[in-house]
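Have the sequence and the model open side by side, and try each task before reading on.

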Amino acid sequence: MTSQFLITLLLLSAYTLTSATEFGRPLHRELKDLKKKEHLTHFKFYWHEVVGGNNDTAAQIIPSIPKYESTTSFGGLRVIDTPLTLGPKLSSKLVGRAEGLYAAISQTQLELLMIQTFNFLEGKYNGSAINVLGRNVALNKTRELPVVGGSGVFRFAKGYAELSTYSFDPKSGSSIVEYNLYVLHY
């Protein structure tokens, strides 16, 4: 028997479940195209949160607890559908959208739990998404959020995002945040 035939036989035998009650099984990496080389990709874009006016990109779902309203917004929850652009101006080229939500989670500082999916609309990444979930201490100069997965080109993605505030309007609450993502994917 050839070695290729033996590998195929081994893979097929590993792919079948052994009983009707089994719901998980180990797989060989080749079955999910994980024998491909892993790539490290850097993305830089700007995240635009517009609050107030006709083009809101964030909506408050739960207001903050009244005694924290003017300090940390503790208890507040917003849902977002935010443009991702190449440059810091909202009129810059649109490369994707961030959809998700964030909650104010600290009584002592402006700290957010962010859950976002970056849906890309451009080039070879069109239709693929990266998922980010983590703690964002919003007043720190630079913050870091983990990349926890993805879809399409980014299946099995991992990595991190570095965030820095480009601009913030305290009157409206609108902000522009520069994102640098470093993503390992196949």
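## A buried glutamate and its partner

Glu111 counts as buried, its relative accessible area being 10% (buried means under 20%, exposed over 50%, partly exposed in between, with a 1.4 Å probe and protein chains only). Before going further, note that this is a predicted model, in which local features need pLDDT of at least 70 and side-chain atom pairs count only at pLDDT 80 or more, while totals for chains, interfaces and linings use all residues. Residues are numbered from 1 along each chain as its sequence is written, and side-chain values use heavy atoms, with hydrogens and water left out.

## The fold as a whole

**Exercise 1.** List the elements in order from the N terminus, then describe the burial and the contacts of the protein.

*Solution.* 
- Step 1: the protein has one helix and nine strands, where helices (H or I, at least four residues) and strands (E, at least two) are DSSP runs numbered from the N terminus.
- Step 2: the order reads α-β-β-β-β-β-β-β-β-β.
- Step 3: of the 186 residues, 35% are buried.
- Step 4: take the contacts (heavy atoms within 4.5 Å) with a separation of 6 or more; residues 24 or more positions apart account for 46% of them.

## More salt bridges

**Exercise 2.** How many salt bridges does the structure hold? Work through those of Glu49 and Arg97.

*Solution.* 
- Step 1: the count is five.
- Step 2: Glu49 is bridged to Arg78, with 3.7 Å between the closest N and O atoms. Because Glu49 lies in strand S1 and Arg78 in strand S3 (residues 77-85), this pair ties together parts that are 29 residues apart in sequence. Glu49 is buried, with a relative accessible area of 5%.
- Step 3: Arg97 meets Asp81 in a salt bridge at 2.7 Å, N to O. Arg97 belongs to strand S4 and Asp81 to strand S3, 16 residues apart.
- Step 4: both ends are partly exposed, Arg97 at 24% and Asp81 at 34%.

## Aromatic pairs

**Exercise 3.** Classify the ring pairs Phe45–Phe120 and Tyr125–Phe154 as stacked, tilted or edge-to-face.

*Solution.* 
- Step 1: a pair of aromatic rings is described by the distance of the centres and the angle of the planes. Rings of Phe, Tyr and Trp (its six-membered ring) pair if their centres lie within 6.5 Å; planes under 30 degrees apart are stacked, over 60 edge-to-face, and the rest tilted. By this rule there are 13 aromatic pairs.
- Step 2: Phe45 and Phe120 are edge-to-face, at 6.2 Å centre to centre and 70° between the planes. With Phe45 in strand S1 (residues 39-49) and Phe120 in strand S5, the pair ties together parts 75 residues apart in sequence. Phe45 is buried at 1% relative accessibility, and Phe120 is buried at 5%.
- Step 3: Tyr125 and Phe154 are stacked, with 5.4 Å between centres and 20° between planes. Tyr125 is in the loop between S5 and strand S6 (129-137), and Phe154 in the loop between strand S7 (142-151) and strand S8 (158-168). Tyr125 is buried at 17%, as is Phe154 at 0%.
- Step 4: ring pairs link Phe43, Phe45, Trp47, Phe118, Phe120, Tyr125, Phe154 and Tyr179 into a cluster.

## A buried asparagine

**Exercise 4.** Which side chain is joined to that of Asn136 by a polar contact?

*Solution.* 
- Step 1: Asn136 lies in strand S6 and is buried, at 4% relative accessibility.
- Step 2: the side chain of Arg143 makes a polar contact of 2.9 Å with that of Asn136. A polar contact is a pair of N or O atoms within 3.5 Å; within protein, one must be able to donate a hydrogen and the other to accept it, and residues adjacent in sequence count only if both atoms are side-chain atoms.
- Step 3: leaving aside neighbours within four places in sequence, the contacts of Asn136 include Glu111, Met114 and Leu163.

Terms used:
Salt bridge = Lys/Arg side-chain N within 4 Å of Asp/Glu carboxyl O.
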